[in-house]
Amino acid sequence: MGSGMSSYRRRPRGFVLDPSKGMLPLLGLQVLLEYGRAGSARPPATAALLAANVLIFLRPGTLPKKAYVALNPNIFFKFRDLKTFFLSPLYNVNEVHLFCNVTTLLWTGVELETSMGTAEFASMVAALLGLSQGAMLLLSKGLSLLGEGAPYYEEFCIGFSGVLFGMKAVTMSARAGDFLHLAGMVIPAKYAVWAQLFLTQALIPDSSFVGHLGGIQAGHVYLRTGTGQARARSTAG
């Protein structure tokens, strides 16, 4: 599981004991173990994405705060604020959110970039970012028109997991005949990303269901393109 695009809620100011803090050293250890071990491929695009997520979370300098980049479908369709479209995936709610997303990115990104090559991997990530954000917005709009999606249409979302679910869809397509262990169950790999979608929602109710679903749809759209099919075959090989 491990990934989460979260609906963002502003918290009151003042001293609050935050149990989500303290994850950065553990995150740094995981990255060090992967990139520091002998024989590691050390894929640079994955490393750049990892660094971007962490540095933006720490917000050095004058980077916008997450309250100003969280993507809200209602506001986006009214004002077409492209800043929220492109920046919201690179922000995280707290250290746990950052840890889950970056850990998943570390595992999935290293595998995909090593098999695909850096240029193709970077191109895929860019495509999945645009497709997953677009799919999330369209799903939210469609549900609101049906009268069933008002909560999704009004929520503020940040996080890289739409892209991560798209990456998982690409990865699992290359393992269609395999079986994976997930939460004590053995699941055909082709269904694993869907199982992760519902398991994530069950364990983390505040996560963005339409954001994750949009990511899966983005992965499948990407795979239907000629480029995506060729890259999936190279991943399988």
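# A tour by selection

Start with Arg80, which sits in the loop between helix 3 (73–79) and helix 4 (82–87). Helices here are DSSP runs of H or I with at least four residues, numbered from the N terminus. The model is predicted, so local features need pLDDT of at least 70 and side-chain atom pairs count only at pLDDT 80 or more, while totals for chains, interfaces and linings use all residues. Residues are numbered from 1 along each chain as its sequence is written, and side-chain values use heavy atoms, with hydrogens and water left out.

Arg80 is not a glycine, yet its phi is positive, at about 50°. Most residues other than glycine have a negative phi. Arg80 is exposed, with a relative accessible area of 52%. The classes are buried for under 20% relative accessible area, exposed for over 50%, and partly exposed in between, with a 1.4 Å probe and protein chains only.

Next select Asp81 and Lys83. Their side chains meet in a salt bridge at 3.2 Å, N to O; the term requires a side-chain nitrogen of Lys or Arg within 4 Å of a carboxyl oxygen of Asp or Glu. Asp81 is partly exposed at 26% relative accessibility, and Lys83 is partly exposed at 35%.

Move to Arg42, in the loop between helix 1 and helix 2. Arg42 is another residue other than glycine with a positive phi, near 50°. Its relative accessible area is 43%, so Arg42 is partly exposed.

Then select Glu34 and Arg37. A salt bridge joins their side chains, again with 3.2 Å from N to O. Glu34 is buried, with a relative accessible area of 18%, whereas Arg37 counts as partly exposed at 41%. A search of the whole structure finds two salt bridges.

**Helix 1**

Select residues 24–36, which make up helix 1. This helix has 13 residues and reaches 17 Å from its first C-alpha to its last, close to the 18 Å expected at 1.5 Å a residue. The expected span is 1.5 Å times one less than the number of residues.

Which residues of helix 1 are buried? They are Leu27, Glu34 and Tyr35. Looking down the axis of helix 1, these buried residues fall within an arc of 85°, so they line one face of the helix. The arc is taken over the directions from the helix axis to the C-beta atoms. Show helix 2 (44–58) and helix 5 (95–116) as well: the buried residues of helix 1 pack against both, where contact means heavy atoms within 4.5 Å.

Turn to the other side of helix 1, where Pro25, Leu32 and Leu33 are exposed. Leu32 has a relative accessible area of 58%.

Last, select Gly134 in helix 6 (residues 118–145). Gly134 is partly exposed, with a relative accessible area of 21%.

Methods
Helices (H or I, at least four residues) and strands (E, at least two) are DSSP runs, numbered from the N terminus.
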